[in-house]
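Subject: Structure for you to look at, with notes

Dear colleague,

My notes on what was found follow below it.

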2 protein chains.
Amino acid sequence: MSVTAAQGFAAAGVRAGIKASGNPDLALVYNLGPSKAAAAVFTSNRCQANPVLWSREAIKDGVIEAVVLNSGGANCYTGAAGFQTTHATAEKVGEALGISAGDVIVCSTGLIGDQLPRATLLDGVVLAAAALATTPEAGEDAASAIITTDTHAKQAVFRGDAGWTIGGMAKGAGMLAPGLATMLVVVTTDADLAASDLDAALRRATAVTFDRLDSDGCMSTNDTVALLASGASGIAPETAEFTVGLTAVCRDLALQLQSDAEGASHDIDIAVVEAATEEDAVEVARAVSRSNLFKAAIFGNDPNWGRVLAAVGTTTAAFDPYGIDVAFNGVQLCKAGEPFESRDLVDLSPRRVEVLINLHAGSRSATIWTNDLTHDYVHENSAYAS
Amino acid sequence: MSVTAAQGFAAAGVRAGIKASGNPDLALVYNLGPSKAAAAVFTSNRCQANPVLWSREAIKDGVIEAVVLNSGGANCYTGAAGFQTTHATAEKVGEALGISAGDVIVCSTGLIGDQLPRATLLDGVVLAAAALATTPEAGEDAASAIITTDTHAKQAVFRGDAGWTIGGMAKGAGMLAPGLATMLVVVTTDADLAASDLDAALRRATAVTFDRLDSDGCMSTNDTVALLASGASGIAPETAEFTVGLTAVCRDLALQLQSDAEGASHDIDIAVVEAATEEDAVEVARAVSRSNLFKAAIFGNDPNWGRVLAAVGTTTAAFDPYGIDVAFNGVQLCKAGEPFESRDLVDLSPRRVEVLINLHAGSRSATIWTNDLTHDYVHENSAYAS
């Protein structure tokens with residue numbers, strides 16, 4: 001389903017020939033209206049790819065008619081020629097659909113520093129425009145065309161009680177860290193909301209979903225989450241109600257990204273509770289999620305709580321270093337800074353691991369979703385040039 | 001040589017029986033005087049081990065007569081019983097040498113969260129006190145007794161022109177990050193300097209040596225660098241002159257730690273030049289040193305400069321994202337944010353790799369020493385519980 005689940009959207013995914021493998025590599029999502037309201041958030045990395053530079057401008061008026069996405073190349077640090085390729089892509093979409101290039105978001109993913117094959121890409125746009133359809137299959141084709149090292153396409157759908165729908169697709173796999181993960185996400189809805197309401201909802205939803213995913217601590221140059229509203233359902237839900245549904249779709253997609261992260265053998269939820277502030281909870285959870293020693297221990301099924309505390313101690317959060325509790329999968333290994341239950345009680349063989357850190361410093365909490373550090377992660381990221 | 005290279009120091013390294021392997025695991029360094037001036041710096045981790053809590057107090061008066069170090073257990077997060085073990089260790093050293101326990105620095109390294117076998121440790125102190133000698137071999141024994149996953153002991157010596165000497169020993173291997181690496185270091189000198197001068201020299205030296213080592217981004221709970229001065233040479237060099245020698249010894253030891261980091265197959269120097277400030281240069285170099293994707297690429301001999309820029313972009317340093325140059329081993333792969341020379345010109349097969357990042361934002365520079373991310377790193381830190 002994904003981006004064609006909501007009324008008023010057509011999509012396509014085609015083999016443009018950008019990827020050497022010959023796999024699908026170009027997707028197009030088209031808003032049939034009547035509304036063309038949209039919002040988008042981008043990587044907070046200061047080194048940004050050409051499509052991000054373009055799309056930041058395109059979204060400024062809150063109107064987007066189409067999103068074109070390619071895998072097989074990030075078009076990042078490719079200079080003026082690379083920017084021209086992005087511009088030409090938007091122009092070609094505009095020409096094919098009879099819309100303005102300025103209402104087209106462009107997304108690219110793949111290796112940094114290589115030029116995209118411009119002619120191949122533009123021919124692909126024509127192919128994709130011809131293949132546009134509102135069917136579930138068309139949504140699936142689009143979701144499949146944007147993946148890189150992902151093992152499968154990611155899609156999610158939420159249906160509001162009143163009859164409006166949100167659908168989304170995502171690609172991720174590597175360079176998954178906050179300020180958005182390495183990912184391209186397109187979410188569509190037939191709810192009728194103004195661009196400013198979409199923007200507020202999207203920022204609220206991504207702050208507690210994609211921004212809480214930190215698989216490998218590496219922040220991408222190309223991250224984009226675009227939200228397009230067709231208004232085709234004729235229903236205008238309250239922003240708060242819409243945000244609940246949007247957050248559900250974003251959370252679903254984020255957890256799919258976590259579960260399919262490059263080389264991972266464990267999905268780890270790092271929950272920090274009783275923090276003084278939500279920012280403290282996020283800072284502590286993120287510090288643990290970035291400890292290679294902790295992540296390697298989880299790969300080895302070793303409930304090494306000392307490595308958790310060593311990471312907690314690098315933060316500026318409010319806590320008494322000797323007042324912290326740490327539990328792995330419900331077994332409290334450390335209580336107030338001392339060994340408590342036995343490590344032998346912890347079974348880390350299931351893929352999902354929950355680490356619970358109680359700071360005893362307040363009443364706020366947050367969870368970061370991460371993965372373990374494995375041989376396969378090292379292999380994929382040393383052998384695969386991306 | 002190491003800690004017995006300077007006049008006025010005795011040392012020993014013995015098999016106390018703390019390590020299950022039966023390898024040497026307890027070292028003692030004794031300052032024979034006439035001066036007992038000392039300085040020390042400790043981990044900036046807020047979660048600190050019991051020996052660090054003890055030693056921070058012991059150094060406050062600038063007088064230290066002995067340092068006792070054990071491998072086989074970090075004595076961190078072991079509660080009141082753990083602190084009593086550290087206290088008892090200092091008391092036992094005091095008793096054996098006829099000095100005050102308050103003039104003894106205690107260092108421990110190994111697994112967090114396990115109690116040390118107190119009786120075994122105290123018996124080891126008696127053994128070590130009986131074995132104290134001023135010979136080069138005694139210094140080597142001490143250096144060997146403090147290692148954990150290190151493959152060999154680390155020692156360094158500097159001889160001042162006027163006839164004074166600095167010698168040092170170090171252990172490292174894992175949890176190597178700033179605010180000191182996971183390491184215990186004892187440096188001795190027969191120069192005659194006041195504690196305040198030693199402190200100034202030590203802070204200056206460690207800031208540009210041990211604090212620039214960031215092997216795996218993980219900060220330890222036990223890091224200690226102790227500097228003891230016997231004054232036995234009868235020579236009182238200028239603090240600036242002494243700092244040069246001390247920095248040379250610390251740099252030598254830090255580079256030995258880098259070369260022997262757990263599982264590493266490359267030693268990577270990340271040099272940032274033309275930064276607006278030294279802090280900017282350090283921030284940028286450290287961000288790159290903590291990118292798992294960059295580190296995995298180096299393991300795979302892949303000069304992936306895109307991953308360098310993606311890491312640079314996460315910092316707050318002053319730069320124009322499209323004005324940055326990146327070179328690998330002298331080959332300028334990226335010039336002003338565009339591809340320049342061919343990746344094929346870069347040979348990453350030698351162990352040492354230099355990544356040069358020119359921010360074109362000023363005139364300051366800094367280098368961080370790091371390592372690649374390898375299968376062996378993952379293996380050692382998943383299979384080895386420490």
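Before the notes on the sheet, one term is needed: two strands are taken to pair if DSSP finds at least two bridges between them. Please keep in mind throughout that this is a predicted model.

With that term in place, in chain A the residue Phe328(A) has Val355(A), in strand 14, as its bridge partner. The two strands concerned, strand 11 (residues 325–328) and strand 14 (residues 352–358) of chain A, run antiparallel and are joined by 4 bridges.

Turning to the chain as a whole, chain A has 10 helices and 15 strands, and it is divided into domain 1 (2–259) and domain 2 (267–383). The C-alpha centres of these two domains of chain A lie 32 Å apart, and the contact between them takes 12 residues from domain 1 and 11 residues from domain 2. On the side of domain 1 of chain A that touches domain 2, the residues divide into 4 nonpolar, 6 polar and 2 charged.

As to overall dimensions, the C-alpha trace of chain A spans about 65 × 50 × 35 Å along its principal axes. A compact globule of 386 residues would have a radius of gyration near 21 Å, and chain A, with 21 Å, agrees with this. Of the 386 residues of chain A, 65% count as buried, and among the contacts in chain A with a separation of 6 or more, 80% are accounted for by residues 24 or more positions apart.

Helix 4 (residues 136–145) of chain A may be worth a look, and which of its residues are buried? They are Ala138(A), Gly139(A), Asp141(A), Ala142(A), Ala143(A), Ser144(A) and Ala145(A). Because 7 of the 10 residues of helix 4 of chain A are buried, this helix is largely enclosed by the rest of the structure. What covers those buried residues includes strand 1 (9–14), strand 2 (26–31), strand 6 (154–159) and strand 7 (165–171) of chain A.

The next part concerns how the two chains meet. The contact takes 48 residues from chain A and 48 residues from chain B. On the side of chain A that touches chain B, the elements that give two or more residues are helix 8 (292–299), helix 9 (305–312), strand 13 (338–339) and helix 10 (375–383) of chain A. By class, that side of chain A has 23 nonpolar, 20 polar and 5 charged residues.

How are the two chains related to each other? Chain A is superposed on chain B by a rotation of 180° with 0.0 Å of shift along its axis (RMSD 0.0 Å), which is the relation of a two-fold axis. In chain A, the C-alpha nearest the axis belongs to His375(A), at 2.7 Å from it. Since 100% of the interface residues of chain A are also interface residues in chain B, the copies meet through the same surface.

Finally, there are some backbone details to check by eye. Most residues other than glycine have a negative phi, and most peptide bonds are trans. In chain A, a cis peptide bond joins Gly33(A) and Pro34(A), with omega about 15°, and Pro34(A) lies in the loop between strand 2 and strand 3 (37–42) of chain A. In chain B, a cis peptide bond joins Gly33(B) and Pro34(B), again with omega about 15°.

Tyr77(A), which is not a glycine, has a positive phi, near 55°, and lies in the loop between strand 4 (66–70) and helix 2 (79–97) of chain A. With 27 C-beta neighbours inside 10 Å, Tyr77(A) counts as buried. Glu274(B), in strand 10 (residues 267–275) of chain B, has a positive phi near 55°, and is partly exposed, with 18 other C-beta atoms within 10 Å.

With best wishes

Note on methods: Residues are numbered from 1 along each chain as its sequence is written. Chains are lettered from A and ligands numbered from 1 in the order in which they are written. This is a predicted model: local features need pLDDT of at least 70, side-chain atom pairs count only at pLDDT 80 or more; totals for chains, interfaces and linings use all residues. Two residues are in contact if their C-beta atoms, placed from the backbone, lie within 7 Å. Ala, Val, Leu, Ile, Met, Phe, Trp, Tyr, Cys and Pro count as nonpolar, Asp, Glu, Lys and Arg as charged, and the others, Gly among them, as polar. Copies are superposed by least squares on the C-alpha atoms of residues with pLDDT of at least 70 in both. The radius of gyration is taken over C-alpha atoms; the globule rule is 2.2 Å times the number of residues to the power 0.38. A residue is buried if 20 or more other C-beta atoms lie within 10 Å of its own, exposed if 12 or fewer, and partly exposed in between; C-beta atoms are placed from the backbone. Domain bounds come from an automatic or database domain assignment.
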